Amino acid sequence: IDTHIHTMNKTKRTLMLSLLSAVLSMGSMTHAYDLYVTGHNTYGQLGQGHNAWVENLTFVRSGVAQAAFSNRTGFILLENGDLYSAGAWSYGGLGRGAAEAAGDPDYFDPHWGFVMSGVRQVSTKGSGYGVLVITTDNRLLGAGVVHDWRYGDTYWQPEIGWTADFVEVATDVAMVAASESTNTYGYTAWVTLTGDLYLVGAPWPGSYSTGSSDWYYTPHLLDTNVRSVVTGYNRTTWVKNDNTLWGVGYALYNAYGVAGLETAQTPVLIASNVASTVNDYNRVGWLDLNGTAWHLGDSSFFYDSGAMLEPSTVPYQMGTGVSTLVFGMNHTFLIYPDGTMDVSGIVLVDQLTFGPEDYGMEGFTRSPLERVANIAQSVFNTGFLVSPAPQDPVEPTPAQTHFERTETRKLTTVTNAYWRLDPDNVLAGNAQWQVVGALPKGFRLENGSIRGQIGEAGVYRFEVEGT
């Protein structure tokens, strides 16, 4: 940085340093959580064996820094950078290379298996036919289906359709978001360390046929000075360093606040004063810098406003004092700084933390789950990252001080020797003394004193220590 920073303008320099700081923080994996899962598990993507769904919150493991789920696959990233996966192994979707019958859509592994080390972010979404990771040295790698150019034309293999091994997509990457459209074609979006936002693949509605002119065969620079990006179904939204929110792609139901707009192929300004953004299917949400959660788009089915509002071009306020906002396809989570969480929406397969009998709430309801830090959300399953329960306080032990005494005496007469180790009575009789080495013959350690019979003249050295 010191060598090349003078070539960058002030804005670029500030952005690069802030992004680099964030990347270093992410790479250190300083936060570790307990992971609980619930919901759809037909392919074993929750790592809980092969069963149709997990009805109640189920503990997976501790020490998890991040989780990501799709309709077919699940990934957990540990605090030490080790990545594990479970679910549908077909088409390289687990990132574990090829396996027997790996091209079979019904081939799966319902148990967590090791993928690789040195990872600081993982991303997957939609049907789960691909996985992206960012390594600790900021390389973006992808594995899985490649017939839609989601990793660029270098890795497009029409005769194969998928890659079992990870391939390098980009370098100097700060963060990545993966998405698949409703037609299962996919695309990749990422932000570089210098704040450049790139797309590659099929990010637009209508990009259904191979070779569509709407596809990006090589990385397409969409914007600059970008802080974060998220992707949904044919929709990409991002926050710039000036706290403005932008979007391209699917825009029905006034999701960008523009009446009648169906698809935006050039960036649309959605809001200002934005800290972070989420989106999914027919809606866009964001947190402003004051912690207020906002919504645009369709809420007639998703209940996220609690009022089943018709789509409006005016943002709807969902809550205040929110630290994290998460959208599912049918529901919304508002997480607060103290780890409490409000939930609203329709539950398809028991993924709202209320157990198997809940089917939806019109309005936000406090979840029984506590200490929630973040959520890994897919259409049919959910992973909750929960801060570990506080431990009972440990009674402090009395302070201990280490003492050492060395006595060297030259004696010329035969006599009884008596030396106190604590002549000034500083330790008041509480010291526990022990001899270092061995005392001369005839001497003993007794009640904080060295006592013995001097049998002959000479130099006597006594070493003791205590606490």
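The side chain of Ser-378 makes a polar contact with the side chain of Asn-71 at 3.0 Å; a polar contact is a pair of N or O atoms within 3.5 Å, where within protein one must be able to donate a hydrogen and the other to accept it, and residues adjacent in sequence count only if both atoms are side-chain atoms. The model is predicted, so local features need pLDDT of at least 70 and side-chain atom pairs count only at pLDDT 80 or more, while totals for chains, interfaces and linings use all residues. Residues are numbered from 1 along each chain as its sequence is written, and side-chain values use heavy atoms, with hydrogens and water left out.

- Ser-378 lies in the loop between strand 26 (372–377) and strand 27 (381–386); strands (E, at least two residues) and helices (H or I, at least four) are DSSP runs, numbered from the N terminus.
- With a relative accessible area of 8%, Ser-378 is buried; buried means under 20%, exposed over 50%, and partly exposed in between (1.4 Å probe, protein chains only).
- Leaving aside neighbours within four places in sequence, Ser-378 is in contact (heavy atoms within 4.5 Å) with Phe-69, Ser-70 and Asn-71.

- Tyr-84 belongs to strand 4, which covers residues 83–88.
- Because its relative accessibility is 21%, Tyr-84 counts as partly exposed.
- Not counting residues up to four places away in sequence, Tyr-84 touches several residues, among them Phe-75, Leu-78, Trp-112 and Phe-114.
- Between Tyr-84 and Ser-117 there are 9.2 Å in space, C-alpha to C-alpha, and the two are 33 residues apart in sequence.

- Four strands, in the order 14-15-16-17, form an open sheet with antiparallel pairing; two strands pair if DSSP finds at least two bridges between them.
- Strand 14 (226–232) and strand 17 (263–271) each have a single partner strand and stand at the edges, so one side of each has no neighbour in the sheet.
- From one strand to the next, the twist averages 20°.
- Strand 16 (residues 245–250) and strand 17 run antiparallel and are joined by five bridges.
- Gly-249 has Ala-264 in strand 17 as its bridge partner.

**The whole chain**

- The protein chain has 33 strands and one helix.
- Of its 467 residues, 53% count as buried.
- Among contacts in the protein chain with a separation of 6 or more, 54% come from residues 24 or more positions apart.

Conventions
Axes fitted to C-alpha atoms, helices over the stretch in contact; angles between N-to-C directions.
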